[in-house]
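Welcome! Take a moment to look over the model below, and then we can walk through some of its features together.

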Amino acid sequence: MGFSLVPFWSCQPGTKKTEPVVFNTGSKQGDEQRPMQQLRQQLLSAWLRSETMTLANVEQMPPEFFTFKYTPEAMSFAEQWRHCVIYTCGQLAGRAGIENPYENVKLPIQMTKDHVLEELKKMYAFVRKSIQELSKERLMADCDFAGDTIPVWRLFYAMESHIVHHRGQCVVYLRLNGVVPKGYYGW
């Protein structure tokens with residue numbers, strides 16, 4: 001196996017923000033699983049926080065504003081979240097070589113609040129399951145993304161970044177409808 005080092009930037013307690021946390025993917029037989037467990041735990045923690053923040057955002061919007069668009073060509077509040085569900089699952093499935101739960105599902109363009117919440121919970125469950133079940137080799141494998149080649153584990157962070165982008169837009173949608181977002185929950 002040899003030494004394979006994967007630098008991973010982290011904001012772990014006791015770790016300076018500017019110092020990389022290095023995952024050694026197998027130098028000693030007994031330590032071989034620990035780096036993968038750490039990586040999976042960090043991914044799961046990031047996605048759990050994402051889910052908490054996303055569901056808080058969606059819960060705040062009154063049901064009658066789920067079709068709200070700030071301009072005719074913009075996506076509605078519901079469409080923002082529909083897009084996140086379809087895009088996240090499609091990208092992870094296609095690039096990590098796993099089954100897409102939305103392969104044969106056609107979500108309606110406009111969804112109710114309850115339907116949006118249901119689909120978001122399914123998406124987050126799919127992400128958690130993927131993090132837990134992908135093999136070490138698959139998590140470390142390279143995939144093409146946005147004109148670059150990145151490891152699959154990094155794709156999980158790219159997808160969460162995409163959700164952050166849309167969640168930020170949805171904070172504006174809340175404000176445009178007179179909803180003062182709950183104190184921004186930070187990371």
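In this predicted model, the side chains of strand β3 (residues 142–145) alternate. β3 pairs with strand β4 (residues 148–151) in the antiparallel sense, over four bridges. Across this pairing, F145 stands opposite D148. Two residues lie between the strands of the hairpin, where A146 takes a positive phi near 50°.

Now for the interior. In soluble globular proteins, nonpolar side chains tend to be buried together. Here the largest nonpolar core has 45 residues, and W47, W81, V116, L120 and F156 have the most contacts inside it. At least two residues of this core come from each of α1 (33–60), α2 (77–96), α3 (113–133), β3 and α5 (152–176). Beyond its neighbours within four places in sequence, W47 is in contact with residues including T88, Y124, F156 and I163.

Charged side chains make links too: the whole structure has six salt bridges. Among them are these:

| Salt bridge | Closest N and O atoms |
|---|---|
| R128 and E51 | 2.7 Å |
| E118 and K122 | 3.3 Å |
| R167 and E160 | 3.7 Å |

What does the R128 and E51 pair tie together? R128 lies in helix α3 and E51 in helix α1, so the pair joins parts that are 77 residues apart in sequence. R128 is partly exposed, at 29% relative accessible area, whereas E51 counts as buried at 11%.

E118 and K122 both lie in helix α3, four residues apart, about one turn of the helix. Together with E119, they are linked in a network of salt bridges. As for the pair R167 and E160, both are buried.

Notes:
Residues are numbered from 1 along each chain as its sequence is written. This is a predicted model: local features need pLDDT of at least 70, side-chain atom pairs count only at pLDDT 80 or more; totals for chains, interfaces and linings use all residues. Side-chain values use heavy atoms; hydrogens and water are left out. Buried means under 20% relative accessible area, exposed over 50%, partly exposed in between (1.4 Å probe, protein chains only). Two strands pair if DSSP finds at least two bridges between them. A nonpolar core is a set of buried Ala, Val, Leu, Ile, Met, Phe, Trp, Tyr and Cys residues joined through side-chain atoms within 4.5 Å. Contact means heavy atoms within 4.5 Å. A salt bridge is a side-chain nitrogen of Lys or Arg within 4 Å of a carboxyl oxygen of Asp or Glu.
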